[in-house]
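Below is a short briefing on a predicted model.

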Amino acid sequence: MESQPAPGEVAGNDSSRGLLRTAWDFSFRMVLRYIKNSYKDDPFRTFLEVCLIAFIIWYITKQKYNIGNNEIVLSEKEIDELVEEWNPEPLVPELTAFERETLEKAIVIDGPNGTRVRLASGSNTKPLINFASYNFLGFLDNPQIEEHAYETLRKYGVGSCGPPGFYGTLDVHMELEKQVAAFVGHSAAILYSQAFTTTLSVIPCFSKRGDIIVADEGVNFSIQQAIMLSRSKVHWYKHNDMADLERVLNEVNVQLTNRRGKKALPRKFIVTEGLFQNTGDIAPLDELVDLKHRYKFRIILDESYSFGVLGKRGAGLTDHYSINPHEVDLLIGALCYAIGASGGFCCADKELVEHQRLSGLGYCFSASMPGILTVAASDAIQVLETNPDNYLVSMRENATLLRSLLKRIPGLQVEGDTDSPLIHIRLTPETLVRMKRSGGAWTNTDIDRVLVELTEEAQKDGVLLTPSRYVDEHERLLPNSSIRICVSSAHTRKEIEKCAHAVKSAVSRITSKKR
Amino acid sequence: MGKGQRATQVYKSTEFIEQRRDEDGLVVGSDPFKLAPSSSASLLETEKAAAAAAAATTTTESAETAASPDAAAAAAKHSGERTSELDTVPTFILVTTYLSYLMLIVFAHLRDFFGKLRHPEEYVQLREQNGWAPMVSDFESLWTRRLYGRIRDCFNRPITGVAGGHVDLLERVSHDFNKSFEFTGRVRNVLNLASYNYLGFAQSEGPCADKVEAAMREHGLTQASTRAEAGCSQLLVETEEMVARFVGTEAALIVSMGYATNALNIPALVGRGCLILSDELNHSSLVSGARLSGASIRVFRHNDVASLEAELRRSITQGQPRTHRPWKKILVVVEGLYSMEGEFCRLPEIVALRRRYGFYLFVDEAHSIGALGKRGRGVCDHFGVNPHEVDVLMGTFTKSFGAAGGYIAGSRALVSHLRLKSHSAVYAEAMSVPVLAQVSSSMRMIMGEDREHALEGQQRLDQLAVNARYFARRLAEMGFMTMGDAGSPVVPLLLFSPAKIPAFSRECLKRNVAVVVVSYPATPIITGRVRFCISASHTRADLDYALEQVSEIGDLLMLKFHKGDASAKRVAELEGASRIKTE
């Protein structure tokens, strides 16, 4: 244990030092002899050489000009004064009245989140029917999955205590990755521990500075952030408008052919969402795949809300259109919404998945998903796989029923694809105009306030709804305020009718109120 | 003497895990926190053990005394005087390390060159083909293919079960030079010096796991919604209050992922026209958050307060580039404990700067919360800084608490703003029930609020401090070049040469010790290192076994760079810092 230096090592050090000294002496003598000789032959040349060396030293040490720099030189006293005077804005702005209200009225659930929930706040102790959580398949209150979770806890504990690279990869992670890849029908998959961060990691992992992204205007916020983080050049096309997309693709390609020459071809991506979180629309994947091949763009598809929801087997948008999943180059999905567990995944070719294990920021730099939630996701997918009709058929029936009932309500605008269990409702502009007797214009806050009132009215009738929330100032195009209704397969027909009825009476009560 | 004394009284009236300890304060026998609590009948022994623990933990004074500004300043001064490890690196090692990398890169290019000649079909992916640009460019992937590929077996090693003091590793072999791995089906139980399980809360049994199960039975598993919509549960609200109490702030916000805690919350604090001053070694999540915020970013030298001050003076007086308009806000972002270096941030000096220059301070306590300080309250507790002097305190639950996710704590105004405006609260899934329950149960235990296990939390904290100091001291005594401050639960040991990095990891694995090795790009190219994470669940036998193996490997790989004086100096340095704390 004691570290005695080995004798050989010391000797080696000494001899190398000796060698260095000899080399130094030798070269020094050479230079000296050279100078002597040259001076003897040509003193003028030595003078020139000395001047040259002096010039080089002066050039290197002189103050450099920096074109972008317009710094002002200040004395220490001035700096101290300026520091004293500097008055920064407060770290966070003060809350507005409406924001304070929002915080006070926030939904707080006591007990499990599921089809029926009990609120902690307010005097309402009756359970409410939940149309606010993304519990499309009712996996949030599946006793079988829960029972297995208790067993998993006794094997894996809770946290994994490390990123996947540093002993955080569990056997169940690898199994779930295989299972997801097989279920979707892609080559390989990689797990991330949060759905939002999945998109945020995958897009910048492949699309870098100088690459090109053509994205739908209606994409959710995580995609917007991911595009920003990637620093790629982005072009937007009108929401779900394939003609406009084609126009943009064409423009990009024309620009590229004109610019080509020395520079390497950048990577080109079409980025869109399977089931749009902000509208409930479904992307036309068949046309996208056609355009992909014609214009040589790759597709990045965010299936966070469509995985487990769309398609005959619930495998998402590719299943919905019966398109080979390999046509989607990077397929991003979430396990925390329909599947009722946590985190997200990305399906891609094997090399691309392996690339993410080193370059996917959310994968490399954060702890892996807890074992309990991994197993819960795996169980849920298995349940869905063995019995898709049990879940998907009733979910779609419920969605269709609710949609048709909502559409009958006067003054209400219902958005989203007919197949979508994600329904956005809002008051029509005409209704809003009628409501404002005083004639003033509606601000966004006014509309939000009305929607909050609407959800409160619905709560009185035993239905839990939520307005869709956005960080208004950070969204690229702020979606119109709406109430987002999530239909679940676990809802009964009666509950669906109750929901429609609650919305109807809430709308009539709200619209008749004078303002 | 508020909390400390009250807690002591609670200890005496409750049960306590019986442990045998030796003169160094290390636990003799099996996993210290696996045992069931003994009955309170053995109070006498309890007290004896407690006394031993107190004597062993060099910080016998109460937190308040240690927190006196003088001591903190002295400690800071001391760390400031310390010469950088790199200054003492023998030139021979520097030169050979650079040469090794050069050789690796030359060979990488040579192999690529001949590979492309002989098997062009394997490189098709890297070239532009038929109008499709390659997904991963040739140059970008050179490092991965030719350098990382050689040592791939040292990373992403899969495990099963709990990553506690020991961990079950799934044995795997590669027949094609690490291109693919095959599982042999065998499971190896190895000593775990790799996981961030500082307080040993990664457990599948014991009081925390029981609480988690109870919580799952009562509250289900997950929320399937965001915090701002329908994902906020009573449990979440209560846990947030507890976190705020633990950290010592008015309020806290919980986020379901550690990386997201930084990446999705910084944009809600600063934006265009604001400036972020960031330590050069900040974690990737902080860099992502800063980039997403749209604020200007400037970097100061690692842990260099003078560099920070110079940058502050320049930024405040010069204002924004071109327009010279004053910055709206300046946010200084530092980490409490730098996990790759084992170094603490110079908090007392930075806080002094904050008072003078009026910037906002963001401290990332991902590794320090729960692991540092007498009461486990992180770097503020360690230096005796009032948490109110830091504007934003961020931390994660992955490490000390054996859970997942993170939090942001601060004033009520800050947290209210974040609940409405942070991307994590509005767009990302809310935290799941088992994770929340793990956070709250382990945190209650650390605070001594869990009446049945009131003493165990403090025991774990003391044990971690003792273990960490012992391990670092012994390594220094052996002549290894270690980094970091005394008391850091992360102990990096410098390996330098790229060939020694995988060799160390493989040798360790051969001897049933799991370690993490890191090199470029996670560290500067010259300082490849192995990083030991010490846990409270390591016993004396565990640590001594590890040290013995590391010493052998050190001889084998010629890693004991410090001879005689230098080694003694480093030992004195590690002990000196702890002495200052007790004075």
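**Briefing: sheets, spaces and annotated spans**

In chain B, four strands make up an open sheet in the order S3-S4-S5-S16, and their pairing is mixed. The edge strands of this sheet are S3 (159-160) and S16 (513-514) of chain B, each of which pairs on one side only. As the model is predicted, local features are described where pLDDT is at least 70.

- Strand S3(B) is joined by two bridges to strand S4 (residues 166-173) of chain B, and the two run antiparallel.
- Which residue in S4(B) is the bridge partner of Thr160(B)? The partner is Asp168(B).

**The seven-strand sheet of chain A**

- Chain A has an open sheet of seven strands, in the order S4-S10-S9-S8-S7-S5-S6, with mixed pairing.
- Strand S4 (188-192) and strand S6 (233-237) of chain A are at the edges; each has a single partner strand, so one side of each has no neighbour in the sheet.
- From one strand to the next, the twist averages 20 degrees.
- Inside the order given above, strand S5 (residues 212-216) and strand S7 (residues 268-273) of chain A pair in the parallel sense, over four bridges.
- Within that pair, Ile213(A) has Phe269(A) in S7(A) as its bridge partner.
- Helix H7 (residues 171-184) of chain A packs on the sheet and touches S4, strand S9 (330-334) and strand S10 (344-348) of chain A. The direction of H7(A) makes about 125 degrees with that of S4(A).
- Helix H10 (residues 242-259) of chain A also packs on the sheet, where it touches S5, S6 and S7 of chain A. The direction of H10(A) makes about 150 degrees with that of S6(A).

**The second largest pocket**

- This pocket holds about 1200 Å³ of space.
- It is lined by 50 residues, and those closest to its centre are Thr102(A), Leu103(A), Ala106(A), Arg469(A) and Leu420(B).
- Which elements supply at least two residues each to the lining? From chain A they are helix H4 (97-104), H18 and strand S14 (466-467), and from chain B they are helix H8 (234-247), strand S6 (251-255) and helix H14 (412-421).
- The largest share of the lining, eight residues, comes from H18(A).
- By residue type, the lining of this pocket divides into 21 nonpolar, 14 polar and 15 charged.

**Asp446 of chain A**

- Asp446(A) is a residue of helix H18 (residues 444-460) of chain A, the helix that gives the pocket lining its largest share.
- Leaving out residues up to four places away in sequence, Asp446(A) touches Lys436(A) and Ala441(A).
- In sequence, Asp446(A) and Phe98(A) are 348 residues apart, while their C-alpha atoms are 9.4 Å apart in space.

**Cavities**

- How many cavities of 30 Å³ or more are there? The count comes to twelve.
- The second largest cavity has a volume of about 160 Å³.
- Its lining has 23 residues, and nearest its centre lie Ser193(A), Ser342(A), Pro370(A), Leu373(A) and Ser256(B).
- The lining of the second largest cavity divides into eleven nonpolar residues, eleven polar and one charged.

**Spans annotated in chain B**

- An unreviewed UniProt entry lists residues 89-110 of chain B as "transmembrane region".
- In the model, residues 89-110 of chain B are 91% helix and 0% strand, and the end C-alpha atoms of the span lie 31 Å apart.
- The UniProt annotation "domain: Aminotransferase class I/classII large", also from an unreviewed entry, covers residues 189-549 of chain B.
- Residues 189-549 of chain B are 41% helix and 17% strand, with end C-alpha atoms 16 Å apart.

Notes:
Residues are numbered from 1 along each chain as its sequence is written. Chains are lettered from A and ligands numbered from 1 in the order in which they are written. This is a predicted model: local features need pLDDT of at least 70, side-chain atom pairs count only at pLDDT 80 or more; totals for chains, interfaces and linings use all residues. Side-chain values use heavy atoms; hydrogens and water are left out. UniProt positions are given in the numbering used here, feature names are shortened, and annotations may be inferred rather than shown by experiment. Two strands pair if DSSP finds at least two bridges between them. Axes are lines fitted to C-alpha atoms, for helices over the stretch in contact, and angles run from 0 to 180 degrees between N-to-C directions. Contact means heavy atoms within 4.5 Å. On a 1 Å grid over the protein atoms alone, a cavity is a set of points where a 1.4 Å probe fits but cannot get out, and a pocket is an open set with protein on both sides within 12 Å along at least five of seven lines; lining residues have an atom within 4 Å of a point. Grid points are joined across faces, edges and corners, and a volume is the space filled by probe spheres set on the points. Ala, Val, Leu, Ile, Met, Phe, Trp, Tyr, Cys and Pro count as nonpolar, Asp, Glu, Lys and Arg as charged, and the others, Gly among them, as polar.
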